[in-house]
Amino acid sequence: MIRIGELQVDFGRRQISQRGVVVRVSSRAFDILELLSNANGSVVLKSEIMRAVWPSTIVEENNLQVHITTLRKLLGRDRNLILTVPGRGYRLLNGPLDSCLEGRGPVECADVQQWDRSADASGLLIGRESAVVEVLTALGRSESLTLVGAGGIGKTRLAREVARQAWSSYADGVAWVSFSSVGEERFVLDAVASALPFPVTGGPLSIDAIVGAVRGRRLLVVFDSCEHIVDAAARLALSFRNAGCAVLATSREPFQIPGETLYNVGPLDVPAPGSNTASASSASAVRLFIERITALEPAFLVDDRSVDLIGAVCRAIDGIPLAIELAAARAARLGVVTVSSCLGDRLRLLTGGCRTALPRHQTIRATLEWSYRLLNAQERLLFRRLGIFAGAFTLDAACGVTKNCGLSAAETLDALCGLVTKSMVAARPNGQDRRYDLLEVTREYALQKLAENGERRTVARAHAEYLAEVIDAGRCKLKGQATDSPLGSLANEVDNVRAALNWSFSAAGDVAIGVALASVTIPCFFGLCLMTECCSYAELALNASRNLDAQSEVTADLVLKLRTVFAASLLYSRGPTIQTRRAWAKLYSDALRSGNTEYEAQALLGMWGMHRDAGEAEDALRVVDRFRDLTRSVSDSTAHGLLGLGVEGIALHHLGEHEKARGRHEAMLRTLGHSMLRWNAAGFQMDQRLVARATLARVLWLQGDEQNALQGALQAFDDAIPSGNKLIICHVLAEAVIPIAILMDEVETAQQAIAKLNEISSRMSFEPWIACGSCYEQCIGFDMGDHDRPRALASSIARLKLTGFLSPLTFLLCRLGQALLDLGESEEANAVIDEALAHGDSTGDRWFYPEVCRMKGLALLSMGVTAAAGNWLLAALENARHQNAKSLEVRAAVSVQHWYEEKRRGDWAFARVPELGFGVAHNADAERL
């Protein structure tokens, strides 16, 4: 005896009981039940049933349906254990619907192959846990709910799970109607009637007859894969809802019927680039990939390397479940490394789906072909052209690439709405506006269709021309989107600008358009701190401009602008190298030749920055004098004059004239308003107030106001963060926060600041600050007897020298000398300090000169050269007083005191001099002397 629902069936005695009471049933109905039971859950074809039950009689299929109806009535609330497979036969589930194996839904769909494929793949709905709850909640509030989303996004699988969990809420069960294999609308009614658990009577098959069969019943009807017969499905949904049924549908576009609720099914979440293994493994896309590949290849090793590769694959295919399953199937055969290396051709890679799947679900291309065929002519034309956008785009941009193809703005709007409605294009909120984008796999398909139609070059040109037209160099804004942020608009268009520039300078492109586009966008790349790209694109544009004919619109100003950004980006990305010096010199000579004082002033400012970063204080001051003389005669001379005060103050500080430097900076900060920040000849900005405050913090520390110095540096850093300007943030960290924190022995503050500098500089490829951060790391936490740290610092300083960024060199050499002295390596320490002295003598970089003298004295004292040591220590004290550098004066005074004590005792033998100062000395020590 077996149990089917609430029935006890004894096939040996041919008897059915319900709650202990024998139920009468016809012999043919019993035969049918036995056939279905013996199939163990498989589909039994109608022809097989009719041959077995009526072996010698020709009967109509209607006779079979009558007996199936009888059995379902007998099962009562378990009637849906007998599933109709439209066009094929019937299937008996082995248990109550709520415990169906492998997540199978309550009623079989019209295409049993698709159902079986999903069921065989996994018993879990990975990554949709919250979506199931949300859909069930929405279904409880709405009698018509449509799951919409792109092909392969997992709408059907989500609907199955929702239907399974919702089963108990509907007294008359769930009817699953799949239209996936219904090619024409005239077959829609047949598919619906076959899927219903109730007989449809009352004459010819019609909507009224179908609705009559379900009217008044508490039934959930699931319409699956409706996009190709959406009009007919919408009419059915409305009729079923009006009859009191709840309707759950899956479609790539909404039904647009009254009262319809939409639920957008999006991709699974993917790990961010650089995520650790634990974080990446928790992403639902990665979990699905791992579940699928281990099901196909149980020996697959899930380790840090494989998770990292799987995360990259999932990002490249946008977290689309179907694409993940196809990629996992490929990886099971070829390996994850091979699959990750083939992501440039996603459409070719993502094939080889389950043989029992629908044809359109066996490859990503087939899925996209299915969707493409459902578009009208205008939607297809726009869809192809939208493939040219490498990132998100606006409606205005979409019109920009269709204006020369016979599509009006209104028609483009209609076509775009159609593509969004049909889930071929995603709409993203963007403030009060919308931006649109294509999934990467979809974009690749659109580009292939664009090429097949011979439109690639025409659309690429239109795309580049559009960007060149709408991005304004001065305000860096997009057409019709004024913004207070000069960079906000371009930040949205970076990917598109890259794509347009790459095309323009390619063999198939148009260099004239490329030069024009570069001239208005490269300064904005600088503002976004994308220095490597600034260098690359500016160099391409400069080289291309030489080869353009006289008819082109490449003006002298345009070339000067490109040269300015090229030189500036070289300075920050590579440092004051020989190439950087040549770039600034070329800009200066060209500006002089053309008589352009704005760019001449810009060149002088750049040359000053180059000398400052190179630690060449005297040269920097000489350039400042020329800059201030020149800018007195240029437009906006007030702002230029204030800027001159700032750069002069920095040069004076490095020369050791701290009081003058403080006066310049305080005067500048008193007058400089927010509106006077611009240095915009080339179209980019730097917040000179923060630069001035960083230097002023150093001056305050030197003058003995240590706590206000550190507080001021940290406040400048906090104020730099909202700007998002990585150059300013790194400058404040490297020039103020970190050295002050190290000098004050604020180890934790220094470590946090160094970590931030390293993180930003590495991400933005700021080579000088990358090397500088490495040096600072080795400057803190010296332990007695730690021989490795000084060696590491020496190595880091050597790498720093390769960038030419020698502004912190004196400070770093003093730290290295102190570390070597702590280890008793006096001669090595003396050599390092001699290098610092030589650097100061050749460049005039003397802001730390009293400390260099003190370290020289300590090195000589440790070597037993006491007389000379005393001279250097006294020189340190004298120079500190001359510079009004009270913090360094205290250090020098303590060292001089130690020297005098040694002298009075007459003990000239070397005794290791402990590290003095660094926040532990007091002014009283100096006063006593």
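Here is a short chat about a sheet and a helix pair in a predicted model.

Reader: Hi! What should I know before I look?
Author: This is a predicted model, where local features need pLDDT of at least 70 and side-chain atom pairs count only at pLDDT 80 or more, while totals for chains, interfaces and linings use all residues. Residues are numbered from 1 along each chain as its sequence is written, and side-chain values use heavy atoms, leaving out hydrogens and water.

Reader: Thanks! In what order do the five strands of the open sheet come?

Author: The order is β9-β10-β11-β8-β12, with parallel pairing. Strands here are DSSP runs of E, at least two residues, and helices are runs of H or I, at least four, numbered from the N terminus. Two strands pair if DSSP finds at least two bridges between them.

Reader: Which are the edge strands?
Author: They are β9 (174-178) and β12 (261-264), each pairing on one side only.

Reader: And how many bridges join β9 to β10?
Author: Five, and β10 covers residues 220-224. V177 stands opposite F223 in β10.

Reader: Switching topic: at what angle do α36 and α37 cross?
Author: Helix α36 (residues 788-803) and helix α37 (residues 809-822) cross at roughly 160 degrees, and their axes come within 10 Å. Axes are lines fitted to C-alpha atoms, for helices over the stretch in contact (heavy atoms within 4.5 Å), and angles run from 0 to 180 degrees between N-to-C directions.

Reader: So how do they run relative to each other?
Author: α36 and α37 are therefore roughly antiparallel, a label for angles over 145 degrees; under 35 is roughly parallel, 65 to 115 roughly perpendicular and the rest oblique.

Reader: Which residues meet there?
Author: Among them are P790 and I797 in α36, and L809 and L816 in α37.
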